[in-house]
Amino acid sequence: MKIIYYGEYGLGLPLIVASFYLGTINNKKDLLEKLNLFELTNEQNAGELVCIGTDELGNEVFVLGCKSQVSLVKRMLSGFREIFALRNEVLLIETTSFNNLLIKIGKLLIKFGFASFGLSIVKAGINSDYEHIRQQAIKIKERITN
C-alpha cells in the first residue's frame, strides 16, 4: 500500500505527521531536533510526491505539499484512486486539520514577508501540539495495522 500525507503550503506538517507515523519522531526531544532540520516554508517541493520511507508493514510513505490547493489535490487524488481502482492500494491522509492557531498565524506571517519570525511561530505551534499530533499518528497506524 502507498500512504500519502498531504497538506497546505510546503511539506512541513505532512512531513512531521508522517515522521511520527514512521517512528522517526518518538518523543518531544526528537520533534525539537527535527523542527530545526525541517524547512517548513519550502514551497519548492510543493506539488511533488516525495517518498520518505517504508513502514514496518512494507507500506511506502509519501508526503505532498499542496500550497493553497488542498481541496483540488484531494479531489484529484481521490479521482485517480477511483479511476485506477486503487481504493485499497492508496491511503490519503490530509494534515490540514493539524493546523492550530499558532501555525496559521505563522503561515500568514511567512506569506507577508516575515519568514524567519513566521517560521518560529509555526515551529512553536507544532511543538505545542506535540501530543495531539502524536496521538493522531498512532490512530492512523492502528487503523492500518488492524
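Residues are classed here by relative accessible area, with buried meaning under 20%, exposed over 50% and partly exposed in between (1.4 Å probe, protein chains only). The structure is a predicted model, in which local features need pLDDT of at least 70 and side-chain atom pairs count only at pLDDT 80 or more, whereas totals for chains, interfaces and linings use all residues. Residues are numbered from 1 along each chain as its sequence is written, and side-chain values use heavy atoms, with hydrogens and water left out.

The secondary structure comprises 6 helices and 4 strands, where helices (H or I, at least four residues) and strands (E, at least two) are DSSP runs numbered from the N terminus. Along the sequence these elements follow the pattern β-α-α-β-β-α-β-α-α-α. Of the 146 residues of the protein, 41% count as buried. The accessible surface comes to about 8000 Å², of which 56% belongs to carbon and sulfur atoms; these areas come from the Shrake-Rupley method with a 1.4 Å probe, and for residues only the protein chains shown count as cover. Where contact means heavy atoms within 4.5 Å, 67% of the contacts between residues at least 6 apart in sequence join residues at least 24 apart.

A nonpolar core is taken as a set of buried Ala, Val, Leu, Ile, Met, Phe, Trp, Tyr and Cys residues joined through side-chain atoms within 4.5 Å. The largest such core holds 26 residues, of which Ile3, Tyr5, Phe20, Tyr21, Leu31 and Ile126 touch the most other members. At least two residues of this core are supplied by each of strand E1 (2–7), helix H1 (12–22), helix H2 (28–37), strand E3 (60–65), strand E4 (90–94), helix H5 (115–128) and helix H6 (130–145), and the largest share, 8 residues, comes from H1. A second, separate core of 10 residues includes Phe62, Cys66, Val70 and Val90.

Helix H1 is largely enclosed by the rest of the structure, because 11 of its 11 residues are buried; among them are Gly12, Pro14, Ser19 and Tyr21. The helix is followed by glycine 23, whose phi is positive, near 90°. With residues up to four places away in sequence not counted, tyrosine 21 touches Ile3, Tyr5, Asp55, Asn59, Val61, Ala137, Ile140, Lys141 and Ile144. Isoleucine 3, found in strand E1, counts as buried at 0% relative accessibility. Its contacts, leaving aside neighbours within four places in sequence, are with Tyr21, Asp55, Asn59, Glu60, Val61, Phe62, Leu91, Ile93 and Ile144. The C-alpha atoms of isoleucine 3 and phenylalanine 62 are 6.0 Å apart in space, although the two residues are 59 apart in sequence.

Side chains of opposite charge can pair when their charged atoms come close. The structure holds 4 salt bridges, a salt bridge being a side-chain nitrogen of Lys or Arg within 4 Å of a carboxyl oxygen of Asp or Glu. One of these joins lysine 2 to glutamate 60, with the closest N and O atoms 2.4 Å apart. Lysine 2 lies in strand E1 and glutamate 60 in strand E3, so the pair ties together parts that are 58 residues apart in sequence. Lysine 2 counts as partly exposed at 33% relative accessibility, and glutamate 60 is partly exposed with a relative accessible area of 27%.

A salt bridge is also formed by lysine 141 and glutamate 56 (3.4 Å, N to O). Because lysine 141 lies in helix H6 and glutamate 56 in the loop between strand E2 (50–54) and E3, this pair ties together parts that are 85 residues apart in sequence. Glutamate 56 is exposed, with a relative accessible area of 56%.

Within helix H2, lysine 29 and glutamate 33 are 4 residues apart and are separated by about one helical turn; they form a salt bridge whose closest N and O atoms are 3.3 Å apart. Lysine 29 counts as exposed at 58% relative accessibility, whereas glutamate 33 counts as partly exposed at 43%. Aspartate 30, also placed in helix H2, is buried yet has no salt bridge, and the nearest side chain of opposite charge, lysine 29, is 5.9 Å away (Lys and Arg count as positive and Asp and Glu as negative, while His and the chain ends are not counted). Aspartate 30 touches Thr24 and Ile25, not counting residues up to four places away in sequence.
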